[in-house]
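User: Hey, I've just opened this one and could use a quick tour. Can you walk me through it?
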Amino acid sequence: MAGAGYVGIAVALMGRNHPFGIVLAALLFGVLYQGGAEIAFEMPNVSRDMVVLIQGLVILFAGALEHMFRPSVTKAYQTLHAKSSKTVEEAN
């Protein structure tokens, strides 16, 4: 497969260099690649460029979801952590 090195870099970046994340990202890329080949085979009017565009959009939005939810998750974590620290201080 041509370009496997670039796909590997993208998988590592999307998996955030964590083994579990890389496995999930590799599965996503594999599904997108194989699904794109199936769509191009089943529907001849869908070009390979359209499949690559759809794959790129899926990857873009999967990466963007992290930045969309991160502020609210961080705030909730900080609130919970502050409450648990306050409870521990009151117990002492």
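Analyst: Let's begin with Gly3, which sits in the segment before H1. This is a predicted model, so to say: local features need pLDDT of at least 70, side-chain atom pairs count only at pLDDT 80 or more, and totals for chains, interfaces and linings use all residues. Residues are numbered from 1 along each chain as its sequence is written, and side-chain values use heavy atoms, with hydrogens and water left out.

User: Is Gly3 buried, exposed or partly exposed?
Analyst: Gly3 counts as partly exposed, because its relative accessibility is 33%. Buried means under 20% relative accessible area, exposed means over 50%, and partly exposed is in between (1.4 Å probe, protein chains only).

User: What do you mean by H1, anyway?
Analyst: Helices are DSSP runs of H or I with at least four residues, strands are runs of E with at least two, and both are numbered from the N terminus. H1 is residues 4-14 and H2 is residues 19-42.

User: At what angle do the axes of H1 and H2 cross?
Analyst: Roughly 130 degrees, and the axes come within 8 Å. That angle makes H1 oblique to H2. Under 35 degrees counts as roughly parallel, over 145 as roughly antiparallel, 65 to 115 as roughly perpendicular, and the rest as oblique. Axes here are lines fitted to C-alpha atoms, for helices over the stretch in contact, and angles run from 0 to 180 degrees between N-to-C directions.

User: Which residues meet there?
Analyst: From H1, Val7, Ala10, Val11, Ala12 and Met14; from H2, Ile22, Ala25, Ala26, Leu28 and Phe29. Contact means heavy atoms within 4.5 Å. By class, that's ten nonpolar residues, no polar and no charged ones.

User: New topic: what's in the loop between H1 and H2?
Analyst: Arg16 is one of the residues there, and Asn17 lies in that loop too. Arg16 has a positive phi of about 60 degrees although it is not a glycine. Asn17, also not a glycine, has a positive phi near 55 degrees.

Definitions and conventions
Nonpolar A, V, L, I, M, F, W, Y, C, P; charged D, E, K, R; others polar.
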